[in-house]
Amino acid sequence: MKKKILKSDKFPIFRHKTTIYGKNIVRDIVHRPDVAAIIAYHNKKIIVVRQNRFPNGIDIEIPSGNIETHETPIQSANREFIEETGYTAKKMIPFFTFFTSIGYSTQRVHCFIASDFQKTSKLNLEPGELLKMEVMSFSKLMKMIMDGKITDSITLSSILSFAIKKKLI
């Protein structure tokens, strides 16, 4: 059973009640749309965005965004990749899916690997998006991760998983 306890256009919170192993359990869960995230790696370089995450400051992230209600994760990945980078990928390969904060949020991240991509347009940002796209060496991004300069959980999880799978570290 769930009951909405806070009304917010972006972050509705529901109180979930259930019984697990004979114990009554109550959890307040933030309901968030799922996210599509894109790893665009080629020739030891990666496409990233410098995103102003006011009030938390500027972070370097892989391109990503909310999946709209009418979209599949792969449709969202293609749309977000074009909007945030101006690049189009001939192929979006599903990589893995994970929860951003499994203990209190419904949000999952569907991570994709962009393949055979090229610059086709200018950025097409939504109102309120404050970002700049750049191509960075993968080794520089990994150094920034190891130095604690990358703080976005989606980027950290995706890039480290990619680096391990591709034997880049």
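Modeller: In helix α2, residues 138-146, the buried residues are F138, L141, M142, M144 and I145. Buried means under 20% relative accessible area, exposed over 50%, and partly exposed in between, with a 1.4 Å probe and protein chains only. Helices (H or I, at least four residues) and strands (E, at least two) are DSSP runs, numbered from the N terminus. This is a predicted model, in which local features need pLDDT of at least 70 and side-chain atom pairs count only at pLDDT 80 or more, while totals for chains, interfaces and linings use all residues. Residues are numbered from 1 along each chain as its sequence is written, and side-chain values use heavy atoms, with hydrogens and water left out.

Seen down the axis of α2, the buried residues fall within an arc of 160°, so they line one face of the helix; the arc is that of the directions from the helix axis to the C-beta atoms. S139, K143 and M146 are exposed on the other side of α2. The buried residues of α2 pack against β5 (41-42), β6 (45-52), β7 (58-61), β11 (131-137) and α3 (153-165), where contact means heavy atoms within 4.5 Å. After α2 comes G148, with a positive phi near 80°.

Two of these neighbours, β6 and β7, run antiparallel and are joined by 4 bridges; strands pair if DSSP finds at least two bridges between them. R50 stands opposite I60 in β7. The hairpin of β6 and β7 has 5 residues between the strands, and G57 there takes a positive phi near 95°.
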